[in-house]
Amino acid sequence: MGLTGIEIYKKLPKTNCGECGVPTCLAFAMKLATGQAELASCPYVSEEVKAEFEEAAAPPIRTITTGTGDHALKIGGETVMFRHEKRFENPPGIAVLISDSMSEEEIESRLKRFTELQYDRVGLILKAHAIAIKNVSNDATGFVSLINKVKERIDAPLILISPNSETLASGAKACAERKPLLYVATKDTVDELANLAKELSCPLVAKGDSLDELVEVTTRLTDAGVKDIVLDPGCKDSASALHDQVVIRRSALLQKFRPLGFPTITFPCEMTDDPMKEVVTASMFIAKYGGIIVLSNLEGHGLFPLLVESMNIYTDPQRPMAVEEKIYEIGGPNEDSPVLITSNFSLTYFIVSGEVESSRVPSWLLIKDTEGLSVMTAWAAGKFAADTIGPFVKKCGIADRVKHKKLVIPGYAAAISGELEEELPDWQILIGPREASHIPAYLKMWEP
Ligand code: SF4
């Protein structure tokens with residue numbers, strides 16, 4: 001909560017009745033301020049005060065959702081300037097641009113790449129998130145027909161872009177159930193688009209040619225009752241665009257300036273004709289502080305690094321990345337296949353599983369939960385030790401899936417082999433290579 005204990009106390013009934021489970025209102029206020037209590041525990045707080053507290057507890061940058069269901073895109077909700085202060089919350093959405101002036105082939109090709117370019121990395125599927133549909137022809141029929149075509153083919157959030165409010169309204173009504181992001185309310189169109197956004201319950205982009213003008217537009221939108229707003233400070237050169245992103249983030253977080261307390265949309269696709277410069281600009285917006293990043297096209301060599309960058313920046317720096325503790329089948333193993341075990345640090349898993357896969361020896365890979373620590377660190381911390389591995393091997397069910405009883409442990413954990421044999425008396429403990437790159441050669445010599 002953004003209020004101090006004393007500020008909260010001033011708004012409580014001050015009767016010290018104790019019904020909240022705390023003896024005094026002051027003690028309850030202190031608990032609320034530190035997140036150790038819920039406001040709902042006090043039955044005597046007025047609706048007005050509740051609303052005030054909700055407002056104060058809201059993140060300084062509003063969370064906006066576009067799209068629905070499993071594919072909804074959530075942006076904003078950020079509370080810190082820098083990742084190391086706590087963590088960033090919602091990674092930017094990457095969108096690809098198509099327009100109603102493109103040829104059928106070009107549209108098909110972009111939609112195909114949107115669907116096909118997916119990457120399995122550290123247990124996550126990385127892919128682009130949204131499709132920006134631009135009305136260039138100024139023909140409402142063509143715009144709506146393109147929206148319908150995309151809607152039928154792809155279940156992804158849509159961003160509808162039109163300079164004409166009526167055309168935008170026609171497009172929005174054609175896919176309102178998908179909760180598209182509407183682009184764009186300027187100082188000239190703010191009133192009619194505010195009504196459209198409210199009528200369809202869709203988020204709306206506010207645009208200004210300067211930050212002052214942007215503030216004017218968002219203020220008018222919020223006064224009109226529009227809450228879900230995305231900011232577009234306009235397309236400029238990279239340096240000015242970066243400056244605007246930083247000013248918006250600082251104003252929202254440090255000055256608590258509500259008119260700029262919304263996520264942004266950025267258009268690297270309109271800032272350069274050079275595909276590689278576009279990727280570099282998009283990369284800048286991932287780091288600082290784009291909410292949605294619209295690309296002119298999707299190419300694997302540009303998209304993949306952007307997605308990895310985003311994943312790295314938006315993971316929680318206080319929690320190591322980990323994969324699930326379980327048995328992983330690699331290459332269709334059978335009852336004679338080797339059984340290997342390692343830690344659940346995601347990098348360890350992906351390196352080891354990659355090497356096992358490249359060996360072409362079908363194998364069982366047991367992943368032991370080590371709280372995301374690598375083998376050596378987990379061993380030193382007692383999380384990859386015989387007394388934790390033994391029970392896991394017994395309960396995971398691998399004994400029912402193989403005829404042999406041979407378990408390959410990482411070479412770096414050789415020191416636990418004796419104790420592990422005591423924990424697993426039916427099993428023969430084999431010491432595997434220290435380096436994952438030696439796994440293929442090791443497995444080639446496997447005999448059950
Ligand atoms: Fe105070 Fe409300 Fe707790 Fe009673 S229930 S002590 S009024 S905070």
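Buried means under 20% relative accessible area, exposed over 50%, and partly exposed in between (1.4 Å probe, protein chains only). Keep those cut-offs at hand for this tour.

The model is predicted: local features need pLDDT of at least 70, side-chain atom pairs count only at pLDDT 80 or more, and totals for chains, interfaces and linings use all residues. Residues are numbered from 1 along each chain as its sequence is written, and side-chain values use heavy atoms, with hydrogens and water left out.

**Stop 1: the cores**

Select Ile-131, Ile-133, Leu-160 and Leu-221. These residues have the most contacts inside the largest nonpolar core, which has 70 residues. Such a core is a set of buried Ala, Val, Leu, Ile, Met, Phe, Trp, Tyr and Cys residues joined through side-chain atoms within 4.5 Å. Now colour helix H11, residues 300–314; the largest share of this core, 7 residues, comes from there. Helices (H or I, at least four residues) and strands (E, at least two) are DSSP runs, numbered from the N terminus.

Centre on Leu-160. Contact means heavy atoms within 4.5 Å. Not counting residues up to four places away in sequence, Leu-160 touches Ile-133, Phe-143, Ile-147, Leu-168, Gly-171, Ala-172, Cys-175, Pro-180, Leu-181, Leu-182 and Tyr-183. Then jump to Ile-341, Cys-396, Leu-407 and Leu-420, which are included in a second, separate core of 23 residues.

**Stop 2: the cysteines**

How many disulfides are there? The count comes to 0, taking a disulfide as a pair of cysteine sulfur atoms within 2.5 Å. Select Cys-175 next. The nearest cysteine sulfur, that of Cys-202, is 7.3 Å away. Cys-175 counts as buried because its relative accessibility is 0%. Cys-17, at 43%, is partly exposed.

**Stop 3: salt bridges**

Side chains of opposite charge can pair when their charged atoms come close. The whole structure has 20 salt bridges; each is a side-chain nitrogen of Lys or Arg within 4 Å of a carboxyl oxygen of Asp or Glu.

- Select Glu-52 and Lys-11. Their closest N and O atoms are 2.4 Å apart. Glu-52 lies in helix H3 (residues 47–57) and Lys-11 in helix H1 (residues 5–11), so the pair ties together parts 41 residues apart in sequence. Glu-52 is partly exposed at 34%, and Lys-11 is partly exposed at 29%.
- Select Lys-112 and Glu-116. This bridge spans 3.6 Å, N to O. Both residues lie in helix H4 (residues 104–116), 4 residues apart, about one turn of the helix. Lys-112 is partly exposed at 47%, whereas Glu-116 is exposed at 52%.
- Select Asp-155 and Arg-178, with closest N and O atoms 4.0 Å apart. Asp-155 sits in the loop between helix H5 (140–153) and strand E7 (158–161), and Arg-178 in the loop between helix H6 (165–174) and strand E8 (181–185), so the bridge ties together parts 23 residues apart in sequence. Asp-155 is partly exposed at 43%, but Arg-178 is buried at 9%.
- Select Glu-104, Glu-108, Lys-149 and Arg-153. A network of salt bridges links them.

**Stop 4: Asp-100**

Go to the loop between strand E3 (93–99) and H4, where Asp-100 is found. Asp-100 is buried yet has no salt bridge. Which side chain of opposite charge is nearest? Lys-134, 9.2 Å away. Lys and Arg count as positive and Asp and Glu as negative; His and the chain ends are not counted.

Show the backbone nitrogen of Val-136. A polar atom of the Asp-100 side chain lies 2.8 Å from that nitrogen. Finish with the surroundings: beyond four places in sequence, residues touching Asp-100 include Asn-135, Ser-137, Asp-139, Gly-142, Phe-143 and Leu-146.

Terms used
Polar contact = N/O pair within 3.5 Å; in protein donor to acceptor, adjacent residues only side chain to side chain.
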